[in-house]
Amino acid sequence: MKKVECILRPGKLEEVKDALSQFGVKGMTVYQVMGCGLQGGRKEVYRGTELTINLLPKIKIEIVVADKDADEIVKIITKTANTGQIGDGKIFISPVENVVRIRTGEMDESAI
Amino acid sequence: MKISKVKVGLILWMLLVLLSIPGIALAEDPVTDTGDTTFIIISAAMVMLMTPGLALFYGGMVRKKNVLSTIMMSFITICIVSVQWVLFGYSLAFGPDINSLVGNLSWLGLSGVGQGPSDAYATTIPHYVFMAFQLMFAIITAAIISGSIAERMRFPAFILFIVLWTTFVYDPLAHWVWGWDANGATGWLGKLGALDFAGGTVVHISSGVSGLVAALVLGRRKGYGTEPMAPHQLPFTVIGAALLWFGWFGFNAGSAVAANGLAASAFVVTNTAAAAAALSWVFAEWLHHGKPTMLGAASGCIAGLVGITPAAGFVTPLSAIVIGLVAGIVCYLAVSVIKKRFGYDDSLDAFGVHGIGGMWGAIATGIFCTKTVNSAGADGLLYGNPGQVVNQLIGVGATVAFAATLTFVILKVVGAVCKLRATEEEEEVGLDLTIHGEDAYPDIVGGSILGGKYSTTPDLAMYSTTLKTN
């Protein structure tokens, strides 16, 4: 199994979620996160004082998938979340040792 | 017919005789004007609402870890000054004069102040109403100072400071400008002819300057200038500004202490100046930093309201536009350029908006005032009397010197009794948790505070019984 963590533009969450569920990904965990990268920051002004905000809001989706599906899922995310502009985000893929469904005790791929 | 006319005449004549005996007339039926009384009671209530408005205005501008502490400072000031005023504050400020400097203590505990009108102040309304109206001014003045020391002053020190400040700074100052007896002004600034319709010097310059001194004595907040300290909840600030704007109609129009044309005039110029200043602040910031900000609009209207306060009963609506436009720009420059250049940490700009705006308003009153608006006022620079500007400047200078000196002394006294400033750790965690033991925005899961449980079991007995019976 693989864990796929992707950092997205907040505006892309719905599209990516729909594309994943169409493919058959049933479960996911979504986080609101802050991050910085190539995109740089933004400027805010309060009573004539400028603040440079370095960390920007992003969405992080975490899913665990079967090995055979991983490549296809990464392709779907890459295609859906792409705008071509700096700040589209990143995908991290890592191996997962085991998964347990708490309700039934099922393990491995039948638990995801 | 003839007989009844005679009877009516007789009764009227007897009534007149009765009314002409002042003792009986006052005791039985105080001569008050119901229209004036209604208007000033409502104005007093509106000015009271300004302080919770100020609490929100300030509360939105601090970081979320200090929002309750900031709101609490304004709220507790309502409570402290309300009691102080009844006990001795009103007597010190408005009581019979001592050397044109302060009122004496003959109205201690409001003795002699009652349901009938005073012979000196607002003679058409109950003395109680005038006293309550003035109380609301004393409250908001002290509360304004909290904007300069927000996020770092300890609560016990703040309480002590407010008691002393309102007694030794506000009460005498109010007397200097508004002290009055049956024959006219008794305070030295009032006698001099310095005009202050609704409190530009007494309320705004005094609180703004005292705030600056307090900010300097306490020092900057930890991380000031390096850590970003952005407002955490601007909609609060906007609601607060709106409440202040609304209450200010009571503040300025009510300062006519009668429901009359002068009150109407004050109402119109108040609204006009607030609007003009909000526009000029927004456009100044837009030109300077490229964005028209909501915080700028909210701050700008307050700057305009401060600017028009001393002038409200003496200037025309067109003058109010100029006063407002200048107030917005001057205050914007004060908080964005001057504050940065000097590096003091006036957290929420009590000095930049109330101090600087108040000084501009006092001077503007000397420039724009005209007897065509208020025959009891004076003509200003633009109406051929440059001397009025000098009177106004004396008022500003005296207020600045007096408020600054006494605030410094009071803070030294308070500092000798208790700790003025929160520790570094308290500042880091936030004053809400460390001083008040409360969290404005707890993380809640399933209706309970995340990771929370009662620390003492006996308190829980009641709840567990309820649970068992269920």
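This is a predicted model: local features need pLDDT of at least 70, side-chain atom pairs count only at pLDDT 80 or more; totals for chains, interfaces and linings use all residues.
**Chain B overall**

Chain B contains 17 helices and six strands. Its C-alpha trace spans about 90 × 70 × 45 Å along the principal axes. For 470 residues, a compact globule would have a radius of gyration near 23 Å, and the 25 Å of chain B agrees with that. Of the 470 residues in chain B, 52% are buried. Among contacts in chain B with a separation of 6 or more, 75% are between residues 24 or more positions apart.

**Helices H9 and H11 of chain B**

Two packed helices are described by the angle between their axes and the distance between the axes. For H9(B) and helix H11 (residues 294-308) of chain B, the angle is about 20° and the axes are 9 Å apart. Angles under 35 degrees count as roughly parallel, and H9(B) and H11(B) are therefore roughly parallel to each other. The crossing of H9(B) past H11(B) is left-handed. The residues that make this contact are listed by helix below.

| Helix | Residues in the contact |
|---|---|
| H9(B) | B:Leu234, B:Thr237, B:Val238, B:Ala241, B:Leu244, B:Trp245, B:Trp248, B:Asn252 |
| H11(B) | B:Met294, B:Leu295, B:Ala298, B:Cys301, B:Ile302, B:Leu305, B:Ile308 |

In the contact of H9(B) with H11(B), 13 residues are nonpolar, two are polar and none is charged.

**B:Arg221**

B:Arg221 sits in the loop of chain B that runs between helix H8 (200-218) and helix H9 (234-253). A residue is buried if 20 or more other C-beta atoms lie within 10 Å of its own; B:Arg221 has 22 C-beta neighbours inside 10 Å, so B:Arg221 counts as buried. Beyond its neighbours within four places in sequence, B:Arg221 is in contact with B:Glu151, B:Arg152, B:Asp345, B:Ser347 and B:Glu427. B:Glu151 is 70 residues away from B:Arg221 along the chain, and the C-alpha atoms of the two are separated by 7.2 Å.

**Contact between chains A and B**

Eight residues from chain A and 14 residues from chain B take part in the contact. On the side of chain A that touches chain B, strand S3 (42-46) and strand S4 (49-53) of chain A each supply at least two residues. The residues on that side of chain A comprise three nonpolar, two polar and three charged.

Terms used:
Residues are numbered from 1 along each chain as its sequence is written. Chains are lettered from A and ligands numbered from 1 in the order in which they are written. Helices (H or I, at least four residues) and strands (E, at least two) are DSSP runs, numbered from the N terminus. A residue is buried if 20 or more other C-beta atoms lie within 10 Å of its own, exposed if 12 or fewer, and partly exposed in between; C-beta atoms are placed from the backbone. Two residues are in contact if their C-beta atoms, placed from the backbone, lie within 7 Å. The radius of gyration is taken over C-alpha atoms; the globule rule is 2.2 Å times the number of residues to the power 0.38. Axes are lines fitted to C-alpha atoms, for helices over the stretch in contact, and angles run from 0 to 180 degrees between N-to-C directions. Angles under 35 degrees count as roughly parallel, over 145 as roughly antiparallel, 65 to 115 as roughly perpendicular and the rest as oblique. A crossing is left-handed if the near helix is turned anticlockwise from the far one by less than a right angle, and right-handed if clockwise. Ala, Val, Leu, Ile, Met, Phe, Trp, Tyr, Cys and Pro count as nonpolar, Asp, Glu, Lys and Arg as charged, and the others, Gly among them, as polar.
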